[in-house]
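Visitor: Please take a close look at one loop part of this model, and then connect it to the rest of the chain. Give the cut-offs as you go.

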Amino acid sequence: MSGEPNDIIKQPTKIAVLGGGCAALSLAANINLLSGKQLHVIAPEVHKSDQDHIWGFWEMDWLQDAVPLARKTWHKWAVRNADTEVIMHADAYPYHAITRRSWLEHCNARAQENDVFFHEDMTQLATLSPKQVFDSRPPRREPNMMLQHFIGWEICAEPGSFDDSTAILMDFRCDQSRGMHFIYCLPFSDREALVESTLFSPTLETNEFYETAISSWLKKHAGVSRFNLLRREQGAIPLGVMKRHDPDFQGIGANGGAIRPSSGYAFSFIQKQIDTALKHVSDGHMLQFATPHKPIDLWMDKIFLSVLRYQPRYAPKIFTALAGSLTGDEFARFLSGEANISLRAKVVAAMPSLPFIRALLRPDEGEP
Ligand SMILES: Cc1cc2nc3c(=O)[nH]c(=O)nc-3n(C[C@H](O)[C@H](O)[C@H](O)COP(=O)(O)OP(=O)(O)OC[C@H]3O[C@@H](n4cnc5c(N)ncnc54)[C@H](O)[C@@H]3O)c2cc1C
């Protein structure tokens, strides 16, 4: 009977997450899956960004909440260089694009339902004295580290300008003189598309470089010279293993090793990291966020990244060869960290051997 002196009212266990971006809010949206926990998100206004952008991801089990919010879905995508075009088809794992704004709005609404507390002042941490603290502030970048850097234009052109049945994941028909460079084009309709100039290299270029690449690709390869610029996005995602923002706190999201070192994909891996952690707790373990990448994938990524950095001239051939040797579903599984041994063997067999042998022997050097 309630109200007896022996009754113990169990207080929820406080946990805190520092930073309020993709990982922190994705956790807040799902904290109801843990009983007896009270989540506090500590996110100072001064560090907040309102920049909207697109997150691309392949449909996987851990992305069931994101899939219905996708702005557009493609079962076909293309990878091409000057000589070869590969069109891949996926049945089970299509490619989706979601806007940052719609995902964060969804997470904020779920966080309200889950009674998550939001604080702006970092000094609140001491007052709250939570049982566990997770840190989603950005990890520390090593100087001269490899980056994925880009500018994207969302444009509106004449009807019939784009084939919206096919996303262009990589088109290498652009200036390769500064490192691996490709155009990423997500057609949302036959007249609207996000067109991005993306480089993998340690050095940022001037805005003019990316923007010239976009406009000349549009003119030369899409036949589009008149359009309205609707939105612009810009980013530089660090590639490689990084140190945590503060070694005293366990990381989550990018600060918990979620960015895939060879591709810069983060959104899918953040959701995977959180999904795995919450399932682990329901098996009776403590809440912990491990890197969502398998050691074998991290090792393969290190070699791959060395080839892209020091021998970038092979990149257009490598990616078309990879696309040509896998089905769309296999490609999606490989890039989402779900490859098994036979799929990994297929990937290795598709690669040109010389640059990879060189990278294995001398990972920090280019061609002699
Ligand atoms: C334009 C753009 C396009 C992208 N496209 C893709 C894509 O297509 N697919 C994909 O997977 N990834 C993409 N990314 C990368 C992806 O968005 C990030 O890696 C992802 O947001 C990481 O989530 P996170 O929660 O770890 O970090 P963030 O979302 O960056 O959150 C970090 C939080 O920490 C806060 N913060 C920062 N410094 C401090 C501080 N000193 N004190 C307190 N708080 C602090 C910030 O305000 C923020 O709330 C893109 C990034 C950009 C910028």
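Guide: Asp115 lies in the loop between helix H2 (100–113) and strand S8. Helices (H or I, at least four residues) and strands (E, at least two) are DSSP runs numbered from the N terminus. The model is predicted: local features need pLDDT of at least 70 and side-chain atom pairs count only at pLDDT 80 or more, while totals for chains, interfaces and linings use all residues. Residues are numbered from 1 along each chain, as its sequence is written.

Asp115 has a phi near 55°, a positive value in a residue other than glycine. Most residues other than glycine have a negative phi. Asp115 counts as exposed because 11 other C-beta atoms lie within 10 Å; the classes are buried at 20 or more other C-beta atoms within 10 Å, exposed at 12 or fewer, and partly exposed in between, with C-beta atoms placed from the backbone.

Glu120 is partly exposed, since it has 14 other C-beta atoms within 10 Å. Leaving out residues up to four places away in sequence, Glu120 touches Ala43, Pro44 and Glu45, where a contact requires C-beta atoms, placed from the backbone, within 7 Å. Lys243 is 123 residues from Glu120 in sequence and 25 Å from it in space, C-alpha to C-alpha.

The loop between H3 and strand S9 (132–135) holds Ser129. Ser129 has a positive phi of about 45° although it is not a glycine. With 9 other C-beta atoms within 10 Å, Ser129 is therefore exposed.

Not counting residues up to four places away in sequence, Val17 touches Ala24, Leu27, Leu39, Val41, Phe134, Ser136 and Ile252.

The centres of the two domains, taken over C-alpha atoms, are 24 Å apart. Six residues of domain 1 are in contact with six of domain 2.

The ligand is surrounded by 30 residues, with Gly19, Gly21, Ala23, Gly235 and Gly253 the closest; a residue is near a molecule if its C-beta atom, placed from the backbone, lies within 6 Å of it. At least two residues of this shell come from each of H1 (22–30), strand S3 (54–58), strand S14 (227–238) and helix H5 (267–282). S14 supplies the largest share, four residues.

Conventions
Domains from an automatic or database assignment. Contact = placed C-beta atoms within 7 Å.
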